[in-house]
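Please open the model in your viewer and keep the selection tool at hand.

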Amino acid sequence: MKKLIAASLLALAVSTPALADGHGNMKFAPGEGAFNWASYDAYKAAAPKLEGEALSIFGPWTGAEKDNFNELIKYFNAATGANATYAGSDSFEQQIVIDAEAGSAPNISAFPQPGLAANLAAKGQLVPLADDVEAYVNDEFAAGPSWTALGTYKDASGNDDFYAIPFNVNVKSLVWYIPENFEDAGYEIPSTMEELKALSDKIVADGETPWCIGLGSGAATGWPATDWVEDLLLRTQSPDVYDQWVKNEIGFDDPRIVAAIDEFGAFARNDKYVDGGAGAVATTDFRDSPKGMFASPPKCYMHRQASFIPAFFPEGTKLGQDADFFYFPAFAEKDLGTPVLGAGILLAMTKESPAARAFMQFLKTPIASEIMMAQGAFLTPSKSANAATYPDDSTRKQGEILTNATTFRFDGSDLMPGKIGAGAFWTGMVDYAGGKPAAEVAAGIQKEWDAIK
């Protein structure tokens, strides 16, 4: 479902021509603003001379996302003399497999799914990145080992290597609320899961309803619940348990997974906690569920959802004023740090060339992140990029959640086989929201997974 949301923003393939000498058509003039221009100057001085060398980049971005990435390409072309071009398609995930099999893959590909990149690596269709790129990700990204692990796959011989650098992340571990509603009721932002549950109880005691939750999404109904379970598993178990679970090295019917499902139930199956009662959770469309916060009086006070959800807020809503968010907090008593659940794009080499290597080195510079950050709709866990280049406070806050993360994990259902992550898991959570016991739901999902092995 997450891919379907992103795909709705995509259009036709495009490319950008090589930048001519000078900086007249650069969106951000070198030397101006809060950008780390020193990193750009240093890269430019050390970069190989690639005058006229073609570099092809292919990915899922079209529309505004394509335009933003093309702006970044201008700076790379100006620094190296290369002629890098980008083509985007909403059929990227199918086309890249066809191109790789035919030996006509682009130099660099932008993968929205780590599993797809891993599949190509296992066929020898990805090129390992330089050791210094891996070291950069490990050292300069918050929760660096989480990111290097996400970009490490087995090659055709079964050996692990580092192939993909994270580029643009979205955050799912967010709770949305209306500041005016909190202020009127005297509620404070919780900093721990214990405080979040206490706040929920306080709202109920005040005669109000704390949560709006909706799992409806047409044929994809149920996916919002999978995000809840994944977030709660990261807050109740160590990251290695999460990793084993998404690979089915730990079964769905493992007591730790069942407990995470029941943690979701503590919110979603409590009639006093949810607008419309627990019975409305499975039938309420996820796009409509946050609207209760904007009602007068409010039908609910909080809504847990990813960073894209403001697209479904009432028209004219100003983030940071009319609506805001806070980090979906961790349990203080569990001492598991500040985990973040999300998704994003990974850049990998699908055909080696000097220009491709140079572009991956370019991505190590703070300026490469900052050019993207300043245009909006881009988040990075890079600790060296200047957060002042984010275009607004709301985006900056999400960026800070990323850079404060001690652990990052990619959306688990997107890492599972499609029949599970986009099938049995979705439908199982609908059954659970309808009252089916967690253990029974989990056993059913595991049975489906066993059947496809």
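A nonpolar core is a set of buried Ala, Val, Leu, Ile, Met, Phe, Trp, Tyr and Cys residues joined through side-chain atoms within 4.5 Å, where buried means under 20% relative accessible area with a 1.4 Å probe and protein chains only. This is a predicted model, in which local features need pLDDT of at least 70 and side-chain atom pairs count only at pLDDT 80 or more, while totals for chains, interfaces and linings use all residues. Residues are numbered from 1 along each chain as its sequence is written, and side-chain values use heavy atoms, with hydrogens and water left out.

Select Phe76, Leu347, Phe359 and Phe362, which touch the most other members of the 93-residue largest nonpolar core. Strand S10 (residues 339–349) gives this core its largest share, 7 residues; strands (E, at least two residues) and helices (H or I, at least four) are DSSP runs numbered from the N terminus.

Next, select strand S7 (residues 174–177), which 2 bridges join to S8 in an antiparallel run. Here Trp176 stands opposite His303 of S8. The open sheet has 3 strands in the order S8-S7-S9, and strands pair if DSSP finds at least two bridges between them.

Finally, select Ala149, Thr152, Tyr153, Lys247 and Leu415, the closest to the centre among the 25 residues that line the second largest pocket. A pocket is an open set of points on a 1 Å grid over the protein atoms alone, where a 1.4 Å probe fits, with protein on both sides within 12 Å along at least five of seven lines, and lining residues have an atom within 4 Å of a point. Helix H5 supplies the largest share of this lining, 5 residues.

Conventions:
Buried means under 20% relative accessible area, exposed over 50%, partly exposed in between (1.4 Å probe, protein chains only).
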